[in-house]
Each structure stands twice: as C-alpha cells, then as structure tokens.
Amino acid sequence: MAQLTLEKLTKRFGTSIGVEGLDLAVHEGELVALLGPSGCGKTTTLRMVAGFLPPTSGRVLFDREDVTHLPAYKRATGMVFQSYALFPHMSAADNVGFGLEMRGINAVERKIKIADALKLVRLSHLADRLPRQLSGGQQQRVALARALVINPRIFLLDEPLSNLDAKLRAEVRLEIRALQQRLGLTTLMVTHDREEALTMADRLVVMEGGRVRQIGTPQELYDSPKDAFVADFVGRCNIVAGRRANESQFRTNGGLLLPVDVASGERGDADAFALRPERIAVVAGESGEVRGRVLAITYMGAQSEYVVAIGDETLVAVRPTPDASEPLATLKPNDPVSLEWDRKVPRLVPQTAS
C-alpha cells in the first residue's frame, strides 16, 4: 500500500469548476471518504486519482511518485464501481481474473490469485456462476475481489453500496470496512450517504461546489462543524439563523433567545445556531427556559421524533421512545412542552464557508 497525496488538484470544464485546489493526504492503511451533494466534485476527484480524467493543474502522488500523467493501467489502483461493471458472459472467477490476464500473469499464478481473492470475499463456492446468477451483494463482492486481486497500491470505491437495498447495504458496508482494515488498504471512497461515510471512514472530506468545506474525523465533523453546510450535511441538525446576543444567549432573526455557552471563544460573527436533534430533551409542560408546542410526533421504534414550534422557529428533537407510564407518552399535537439542552452543546457557526 502507498500514501495518496493530492496537491492543489484542480479540474475545470470550460468555465465551470469541477475541483478547485484540493490538498489531501490519505495515509497508508487509512480510509478517507469524499462526501457531498451531486456535482460537488467528489467523483471528478476519484477519476483523476484513477487516471481516467486528466487534471487541469496540480499533482497526484503515490508515496513520492508523481503519477499525475501516468495512464490508468500503469497506476496499480483497484477500483470498485457503483454499477459493479462485471462482464455478463464471464463467470465470477473469470471476472476476477480479467485484470491479471491483461497484465500478462500466467494461467497457473492467475488461478491461485483468483482463488485467494474469492476466498477473501467468501465467494469460493460461487466461482463458476455468471453475474446474472448472483445477488446484488454477491456481485459487489466479485467486484471487490477483482479490484483486490491485482494487489493495488490505492483502493478506490465509487458509491460502492448505492445499488443495494438498505439491509444488504448495511451488511456489505461492514464487510468492506473489515476487509479494508484487515488488509491495510489505503482507500479513497466517494459517497453522498452520510451514514455510510460516518460508519466507514477514518476521516471525511466534505465538499461543495468543487471545494473542500472541512476535513476531519467523523466525530470532529459531527460535533464541531465549521459552518452550517457541514453541520447539516454530516447529520441531521437544527440550524437557526440569527446572531449571538451575549455569552449565554443566541438571538434568532425572529427575536427568540436560545441558551448557549460561548464563553470558550465561539466566533462573534457566527450567524447560525446548530444543535443536533438527539441533544435536545423534551419535557411535558412549560416549566423550562425554551417553551413551545408540539407540531408532530413520529414513532420510529426505539426512538421518537418530536417537532416543536418555538416562536417563529421549529426545532426537531429525537428521544428514546418513552414507556407508557412516562409523561411524554401521553403527548399529542398542540400540547405545551419545554426543550432543554446543555448550554455547551450548541455550535455557533457561519452560514457559509469562511
């Protein structure tokens, strides 16, 4: 495995910006996820790393080797595509071995490597099956084996789970992460799924409009977003516009005062209040500092979601579903409630990147 380094990587399509000045180091054995909405530049970045798309400027390095202008077949990257990209007329084994054959590996060595790769993804018993005879999860594992069999220096994942149903997606997600960690694969992954990114990646790169908004661990981005876009994209978040009133209160644009502790040095020019739904407690009655009325309650099994109107604003709280004997269990729309949170939990952030 190698370290992947991107230096001022830029791609323009005419006057449009695909990626602008991206600096990133993916350390050996690390999984980094590029996360962002459609058109943010994450797939363009992956294609430049793979060698499918030439950059306008900047460099791509594998360890200290500059591979910016090397063709894709000379880069020793293993790539798993969103659509699997399996040859329909070839067996699972032949699909896995295709890259080896193109590299001139002899038949005996090829057979050994194919068997090892299929064993890695637990598909040895299906080596002779055609893609149409495999489930979606099995096809994705064949695609994984095909990418791994060449012993890639850099492992690339392009929305690898998007074609799977929710249950299968969770299973394959765990399999890919376990395999990546066991083999120490230096991995760059593209996804628009925040749960996928949070659960799989060592670090996240949040992108928007071809530019990086923030890089950090999942916990850093979830707990300490730099701006409202990151706060909202990395996970569900209540974002309220306004200004800091003083060190203990945030004044919304509608004049409502929300409790917050900013004595630790929050930015004075922050114009958004960010608070995760699971950090808000809901109390029946109007005894608290932040009072409102229930708009809706949604049962989600182990958790319930409470949509509460406070003044001109609406906040969403997610709490463990109460037992029948608890006061919250009897709440219904239009009932009065109070919302409570630790004053140190909310983040005051700018609405846009600084």
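Predicted model: local features only at pLDDT ≥ 70, side-chain atom pairs only at ≥ 80, totals over all residues.
User: In what order do the strands of the open sheet of 4 strands stand?

Analyst: Strands (E, at least two residues) and helices (H or I, at least four) are DSSP runs, numbered from the N terminus. Two strands pair if DSSP finds at least two bridges between them. Here the order is β2-β1-β4-β5, and the pairing is antiparallel. The edges are β2 (16-26) and β5 (65-66); each has a single partner strand, so one side of each is left without a neighbour in the sheet. β1 (residues 4-13) and β2 are joined in the antiparallel sense over 7 bridges, and Leu-4 has Val-26 in β2 as its bridge partner.

User: Which helix packs on that sheet, and which strands does it touch?

Analyst: Contact means heavy atoms within 4.5 Å. Axes are lines fitted to C-alpha atoms, for helices over the stretch in contact, and angles run from 0 to 180 degrees between N-to-C directions. Helix α1 (residues 42-50) touches β1, β2 and β4 (57-62), and its direction makes about 115° with that of β1.

User: Is Ile-17 buried, partly exposed or exposed?

Analyst: Buried means under 20% relative accessible area, exposed over 50%, and partly exposed in between (1.4 Å probe, protein chains only). Ile-17 lies in β2 and, at 32% relative accessibility, counts as partly exposed. Leaving aside neighbours within four places in sequence, Ile-17 is in contact with Lys-11, Arg-12, Gly-209 and Arg-211. The C-alpha atoms of Ile-17 and Arg-211 are 9.0 Å apart, although 194 residues separate them along the chain.

User: How does Leu-315 count by relative accessibility?

Analyst: Leu-315 is found in strand β18 (residues 313-320) and has 1% relative accessibility, so Leu-315 counts as buried. Not counting residues up to four places away in sequence, Leu-315 touches Asn-238, Val-240, Tyr-306, Val-307, Val-308, Ile-310, Leu-339 and Trp-341. Between the C-alpha atoms of Leu-315 and Val-240, 75 residues apart along the chain, the separation is 8.7 Å.

User: What is the order of the open sheet of 6 strands?

Analyst: The order is β6-β7-β8-β3-β9-β10, with mixed pairing. β6 (77-80) and β10 (211-216) stand at the edges with a single partner strand each, so one side of each lacks a neighbour in the sheet. From one strand to the next, the twist averages 20°. β6 pairs with β7 (residues 154-158) in the parallel sense over 4 bridges, and Met-79 stands opposite Leu-156 in β7. Helix α4 (residues 136-148) lies across β6 and β7 and runs at about 170° to β6.

User: How do α2 and α3 cross?

Analyst: Angles under 35 degrees count as roughly parallel, over 145 as roughly antiparallel, 65 to 115 as roughly perpendicular and the rest as oblique. The axes of α2 (residues 92-102) and α3 (residues 107-120) come within 9 Å and cross at roughly 130°; α2 and α3 are therefore oblique to each other. In α2, Ala-93, Val-96, Gly-97, Leu-100 and Glu-101 meet Arg-110, Lys-113, Ile-114, Ala-117 and Leu-118 in α3.

Conventions: Residues numbered from 1 in each chain as written. Heavy atoms only, no water.
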